[in-house]
Amino acid sequence: MQRAVCIVSPGNLASNPRVLKEADALHGAGYDVTAIVCNYNAALREADDEIEAAAPWKVIRVPRLADEGVTARAATALAKGLLAVGSRVPVGIAARSARTPVSALLRRTREVKADLYIAHYVAALPAAAEAARRHGALLGFDAEDFHSGEGTGSADDAFRMRMIGIVEGAILPSCTHLTAAAPLIGKAYASRYGIAEPVTVLNVFPLSMAPAVPKIRGEGTALRAYWFSQTIGPDRGLQAFIQAMAQTTAPVTLDIRGSNRWGHGDALLALAASLGIGDRVKLLPMAPPGEMVRLAADYDIGLSLETDVSENRRICLTNKIFTYLLAGLPVIMSDTPAQKLLAADLWRAARLCSLSDPAGLARTLDTLASPPILAESAETAWRLGRERYNWDREQDVLLQSVAAAFARRETAR
């Protein structure tokens, strides 16, 4: 009998490539897959429509509840009141007070019968857990980040992290399928909650997204650097890179792709102008996830400049790194613990830098601007993307974890 898997995520379809890859892999392996996602971001709905039309698995898009904000505020007040008198905060209250769309997902997910529910992000955990209990199914969780370690130290963040910790601590021990997007994220979860260490499933992409041939990089041109994300934020290490650009001997340009809704991109342009390199930094609009590898292939180097703004940023490995490798770009990475660990396996395709040392970063850029060195680094990146860091290979790790969860249930019966 065909087993059914229900993937639950609070994001739009187009905002989480990891959900799409997981659904494709499970469907390809013969599972009956349903993805329950939120339908909140109007800017992504057209892209969501295109993804849903092409998907060979079922999609359920959940609208925002009219009273969601009221519920979250009430839950926050109740949770803070309970903490003030030393009382325990129930899981449902903690989840709703963490500014997540818990109720909408809960109502819809419980209606879908499956053999395994896989939650993405903390907002999906209560919904997946209740559905698993109701239908006698297995429960899984994919940790794309170390969610209870995402706080940046503010009072509001401290409260939210505490609420997330309550939800994770109550539900994760019930999970029989656990995956994480980086080795150190898995270790952090295992240490904090005393659970089995999640299996690492890297944020890599299918070989079908890769260009057919590597880019031929001409001599005598500027070194073209590239960075992308959904949103251009204030703590992404780009300030240090722009400062380094102003100190290089070789000409370096930087293209930044992402939403500038909060104006942080404008601040970066202003910094570049103040350093006399305003004509070398450019903002680009958002683009569909499926286009990211192709768009990156036009550049010479990719940037993954994570900061130590939170514990999560120190131990995560973002999809940027693996997008660049698949596109054949060497990667400049800040020296966070997670990226240091990965850099040892990337050899010439990676260069570590300290964001507190723009002068040292400038020297790294001048070294990479040498055509022979850049060509060697790009060749290594191209090879690693095809031989190791791609979804065609990595999806086997996911499928083995799911199969092992079902096998353990059968053995226990």
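Mentor: Let's start with Trp347, found in the loop between α14 (337-346) and β13 (350-353). Helices (H or I, at least four residues) and strands (E, at least two) are DSSP runs, numbered from the N terminus. Before we go on: this is a predicted model, where local features need pLDDT of at least 70 and side-chain atom pairs count only at pLDDT 80 or more, while totals for chains, interfaces and linings use all residues. Residues are numbered from 1 along each chain as its sequence is written, and side-chain values use heavy atoms, with hydrogens and water left out.

Trainee: Why does Trp347 count as exposed?
Mentor: Exposed means over 50% relative accessible area, buried under 20%, and partly exposed in between (1.4 Å probe, protein chains only). Trp347 has 53% relative accessibility, so it counts as exposed. Its phi is near 55°, a positive value in a residue other than glycine.

Trainee: And what makes Tyr121 partly exposed?
Mentor: Tyr121 has 25% relative accessibility, so it falls in the middle class. It lies in the loop between β4 (116-120) and α6 (125-135).

Trainee: Why is Ala4 called buried?
Mentor: Ala4 has 14% relative accessibility, therefore it counts as buried. This residue is in strand β1 (residues 4-8). Leaving out residues up to four places away in sequence, Ala4 touches Asp32, Lys113, Ala114, Asp115 and Leu116; a contact means heavy atoms within 4.5 Å.

Trainee: How do you know that the length of helix α16 (residues 371-387) agrees with what it should span?
Mentor: The expected span is 1.5 Å times one less than the number of residues. For the 17 residues of α16 that gives 24 Å, and the end C-alpha atoms are 24 Å apart, so the two agree. Its buried residues, including Leu374 and Trp382, pack against β8, β11, α13 (319-327), α14, β13 and α15 (358-368).

Trainee: What makes α1 mostly covered?
Mentor: Nine of its twelve residues are buried, among them Pro17, Val19 and Leu26. Helix α1 (residues 17-28) reaches 16 Å from first C-alpha to last, close to the 16 Å expected. After α1 comes Gly30, with a positive phi near 100°.

Trainee: Which strands are called edge strands in the open sheet?
Mentor: The sheet has six strands in the order β10-β9-β8-β11-β12-β13, with parallel pairing. Two strands pair if DSSP finds at least two bridges between them. β10 (281-284) and β13 each pair on one side only, and that makes them the edge strands.

Trainee: How many bridges join β9 to β10?
Mentor: Four bridges join β9 (residues 252-259) to β10, and Ile256 stands opposite Leu283 in β10. Helix α9 (residues 238-245) packs on the sheet, and its direction makes about 160° with that of β9. For such angles, axes are lines fitted to C-alpha atoms, for helices over the stretch in contact, and angles run from 0 to 180 degrees between N-to-C directions.

Trainee: Which residues line the largest cavity?
Mentor: They are Arg18, Glu22, His120, Asp142, Thr179, Val201, Trp391 and Leu398. On a 1 Å grid over the protein atoms alone, a cavity is a set of points where a 1.4 Å probe fits but cannot get out, and lining residues have an atom within 4 Å of a point. Both α1 and α17 (391-412) supply at least two residues of that lining.

How values were computed. 1 Å grid on protein atoms, 1.4 Å probe; cavity = no way out; pocket = protein on both sides within 12 Å on 5 of 7 lines; lining within 4 Å.
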